[in-house]
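Have the 3D view open while you read.

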2 protein chains.
Amino acid sequence: MVRTMSEPSHRPVDDALRSRLRERLELYMARKKLRSTAQRRVIVETFLEGRAHVTIEDLLEIVRTRDKGIGYATVYRTLKLLAECGVASERKFGDGLSRYELADDDDDHHDHLICTSCGGITEFEEPRIEKLQEVVAARHNFQVTTHKLELYGICQACSSASKKGAGQRN
Amino acid sequence: MVRTMSEPSHRPVDDALRSRLRERLELYMARKKLRSTAQRRVIVETFLEGRAHVTIEDLLEIVRTRDKGIGYATVYRTLKLLAECGVASERKFGDGLSRYELADDDDDHHDHLICTSCGGITEFEEPRIEKLQEVVAARHNFQVTTHKLELYGICQACSSASKKGAGQRN
DNA sequence: CTAAGTGCAAAAAGTTTGCATTCCG
DNA sequence: CGGAATGCAAACTTTTTGCACTTAG
């Protein structure tokens, strides 16, 4: 009950992305003759449908609500598999944890704003920066394969919270 | 300005920077009533005069040629101290190691090209990218305190080496 | 059937810390 | 002297792996 249609969680754009990724995974697994197990299916679905930037620990917790017995190592190995075949991207934001998100399409890269107060992560795209990166790389005869751009600081929510005098913290 | 760290390049320009950093450290230590020990002096000098992007392990090895008995923990704690007072910057390039380099001046930030083949790290500056980062941050009402931009790929040396070796690609 | 996949526990790998001892100020 | 600093080893954290058992194909 109570599912009013007007609300936000449904993003048709991402559905298309997800099916592309699912397909990519299937092809990869077929080619490498990898097996589809109950655990993998649960982990992959949870990852694809879940929020971005999950840690292995996060994902394990969610996955275990669906299948009690799944172990850390299986989640770890499955995420590694997803990263290998270009379905997930591993990110390290310097807090010592590895995080995973849906892989971008080749032509559609995004970067991150990271709030050092609440830990919130926001994505952004700025094609002009990507262009300049190419310029820099060319200047050094460097062939870029990937890049990482992260802006660390205080997000809007935290800065208005501290203005009001309230504490923040996640 | 471009400083390439993989080669034995000597940089007279940096002498001014080093004295500024030494002074900053002295002020900090005086203010906090920290002590100048033989170990710290060796570690700090080795760090200031050595090449950029050293790991703790690297630095320990060099330091021990000067003072056999220095322990890992002391190097670790001294680098942490240097980072605290703005003399060193800690960098993590995703290979699981922490690396340290001389801190930039406030107005003079640089970023990195990282060769995934030879591990070489080259520094670059591109003010237009910095500008655009500010634009992005403003768009999100985000107050940037620091940022990290890394381009991963194949450096010139490695790509010409593989050209000779494998004889394909152009 | 048989090789891939799983779960567990232990190993790695890097970072941090507790503590007895040393030594700067 | 007294507290800061050191060196060692042990504790931690997160990631990775060895292995015996299970199971997909």
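Buried means under 20% relative accessible area, exposed means over 50%, and partly exposed is in between (1.4 Å probe, protein chains only). This is a predicted model, where local features need pLDDT of at least 70, side-chain atom pairs count only at pLDDT 80 or more, and totals for chains, interfaces and linings use all residues. Residues are numbered from 1 along each chain as its sequence is written, chains are lettered from A in the order in which they are written, and side-chain values use heavy atoms, leaving out hydrogens and water.

**Helix α5 of chain B**

- Helices here are DSSP runs of H or I with at least four residues, strands are runs of E with at least two, and both are numbered from the N terminus.
- α5(B) covers residues 127-139, and its 13 residues reach 19 Å from first C-alpha to last, close to the 18 Å expected at 1.5 Å a residue (the expected span is 1.5 Å times one less than the number of residues).
- Which residues of α5(B) are buried? They are B:Ile129, B:Leu132, B:Gln133, B:Val136 and B:Ala137.
- They sit on the same side of α5(B) because they cover an arc of only 145° around the axis, going by the directions from the helix axis to the C-beta atoms.
- An α-helix has 3.6 residues a turn, so residues three or four places apart point the same way.

**A buried charge**

- B:Glu150 lies in strand β6 of chain B.
- B:Glu150 is buried yet has no salt bridge (a side-chain nitrogen of Lys or Arg within 4 Å of a carboxyl oxygen of Asp or Glu).
- The nearest side chain of opposite charge is B:Lys148, 4.0 Å away; Lys and Arg count as positive, Asp and Glu as negative, while His and the chain ends are not counted.

- Most residues other than glycine have a negative phi.
- A:Lys33 is not a glycine, but its phi is positive, about 55°.
- Look for A:Lys33 in the loop between α1 and α2 of chain A, where it is exposed with a relative accessible area of 71%.
- B:Asn141, in the loop between α5 and β6 of chain B, has a positive phi near 50°.
- B:Asn141 is partly exposed, at 42% relative accessible area.
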